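Take a look at the model below. We will go through its aromatic contacts, its nonpolar cores and one of its pockets.

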Amino acid sequence: MRVVDYRGLAALDAVIGLGSFEKAAQALAISQPAVSQRIRTLENLEGTLLIIRSHPPLPTEAGQRLIAHYRQVKLLEAALDAQPGPTTQLPALAIAVNADSAATWIPEALGPLLLPPSCLLDIRLDDQDHTLSQLREGRVFACVTSANDLVAGTTATPLGGMRYLCVASPGFAQQWFPHGFTVEAVSQAPAITFGSKDALHERYLQHRLGYTGRYPHHVLGSARDFVRFIEAGYAYGMVPLLQAETALAAGRLIDVAAGQALDVPLTWHAWDIQTPLTRTLSDAVIATARKWLLQD
C-alpha cells in the first residue's frame with residue numbers, strides 16, 4: 001500500500017503557493033531547513049524531483065499532481081468541520097476566472113461564500129481561453145472558461161454567453177472610423193487588448209471583416225481600466241455588454257461596428273468533489289451566471 005507523506009505535501013504546497021521556502025517556513029511555523037528536509041523526504045518517497053529550485057520555485061509535473069491531490073484532500077477535510085474556527089482556520093479554495101466575468105457577475109456569485117465567510121478564496125485571473133489549463137494542472141478547484149475540452153474527474157456546466165461589443169468614444173470613432181468599421185480603418189486605428197493570450201479582438205476582426213492582418217494595439221491587463229482607457233479616447237476595443245451598457249446609454253461609448261456582437265459561451269468546470277462548500281460555490285456561480293449571461 002502506498003504511503004502518503006502529508007507533512008511533505010503540506011510543505012510542497014506551501015513553497016509553491018507562497019513562492020519561497022522562507023515564506024513556507026513562516027506559514028508552517030518550522031525552520032527553512034526543515035521545509036527543505038520534508039520536501040527531500042517526499043521526493044525520495046516519490047522517487048522523482050517535485051520542485052524546480054528557481055526563483056520563485058516551480059513544481060514539476062509530478063509535483064503539481066501531488067499538490068492537486070493535497071488540495072482536494074484539504075477540501076474534503078474541511079467538509080468534516082461543520083463549525084469553522086477563526087478566519088485564519090477557514091479552508092482555502094482557488095478558482096480561475098476571466099477578467100471580464102470578475103468585473104461583472106462573479107462578485108455577486110461569491111456572496112454566499114463570503115457573507116459570512118466560509119472559506120478563503122484565491123481568485124486567479126486569466127484569459128477565458130486559458131483558465132482551463134489551471135484546472136487541468138490542479139492549480140484551482142474550478143474555473144470559468146470558454147474552452148470545451150473534457151478533463152477527467154471534473155464536471156462541466158454551461159453558464160451562458162458573454163456578449164461583447166466593439167466600442168470606442170464618440171471622438172475616437174469620428175477620427176478613426178469616419179467611413180465605418182472597415183478593413184482599412186482597423187489596420188490603422190489603435191486598438192486595446194488584455195495581452196498576448198487575448199485572442200478575442202483578432203477573432204472579432206476575422207468574424208466581422210474576414211481580416212487576419214496586423215493591427216496596432218495597446219495592452220492593458222485590467223478590466224476596469226480597460227474601459228476607462230477606451231472612454232478616454234485612446235483606443236477602441238472589445239468590451240462585455242454588461243460592462244459597457246451604462247456608458248453606451250450615457251453616450252460616453254458608441255458601438256463602432258453597428259450592433260455586430262460577438263457572443264462567447266462560458267462553462268463552469270469543477271473537480272468532482274462534493275462537499276457543502278464546493279456545492280455552494282458551484283450552485284451560486286451557475287445561478288448567477290444564468291441570471292446575467294445570454295441563455296439559448
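Is Phe177 buried or exposed? Phe177 is buried, because its relative accessible area is 8%. Buried means under 20% relative accessible area, exposed over 50%, and partly exposed in between, with a 1.4 Å probe and protein chains only. This is a predicted model, in which local features need pLDDT of at least 70 and side-chain atom pairs pLDDT 80 or more, while totals for chains, interfaces and linings use all residues. Residues are numbered from 1 along each chain as its sequence is written, and side-chain values use heavy atoms, without hydrogens and water.

Stay with the rings. Rings of Phe, Tyr and Trp (its six-membered ring) pair if their centres lie within 6.5 Å; planes under 30 degrees apart are stacked, over 60 edge-to-face, the rest tilted. The count comes to nine aromatic pairs. Phe177 and Phe181 have ring centres 5.6 Å apart and planes at 40°, so this pair is tilted. Both Phe177 and Phe181 are buried. Phe177 also pairs with Tyr236, edge-to-face, at 5.1 Å centre to centre and 85° between the planes. That pair links distant parts of the chain, 59 residues apart. Phe177 sits in the loop between helix H9 (170-176) and helix H10 (183-186), and Tyr236 in the loop between helix H12 (223-231) and strand S9 (237-240). Helices (H or I, at least four residues) and strands (E, at least two) are DSSP runs numbered from the N terminus. Tyr236 is buried, with a relative accessible area of 0%. One aromatic cluster is formed by Phe172, Trp176, Phe177, Phe181, Tyr204 and Tyr236.

Next, the cores. A nonpolar core is a set of buried Ala, Val, Leu, Ile, Met, Phe, Trp, Tyr and Cys residues joined through side-chain atoms within 4.5 Å. The largest has 56 residues, and Trp105, Leu159, Phe181, Tyr236 and Trp268 have the most contacts inside it. Its largest share, six residues, comes from strand S11 (residues 262-271). A second, separate core of 19 residues includes Ala14, Ile39, Ile51 and Ile67.

Finally, a pocket: an open set of points on a 1 Å grid over the protein atoms alone, where a 1.4 Å probe fits, with protein on both sides within 12 Å along at least five of seven lines; lining residues have an atom within 4 Å of a point. The second largest pocket is lined by 22 residues, and Ala99, Asp126, Asp127, Phe194 and Asp198 lie nearest its centre. Helix H5 (99-102), strand S7 (191-193), helix H11 (200-209) and H12 each supply at least two residues of this lining.
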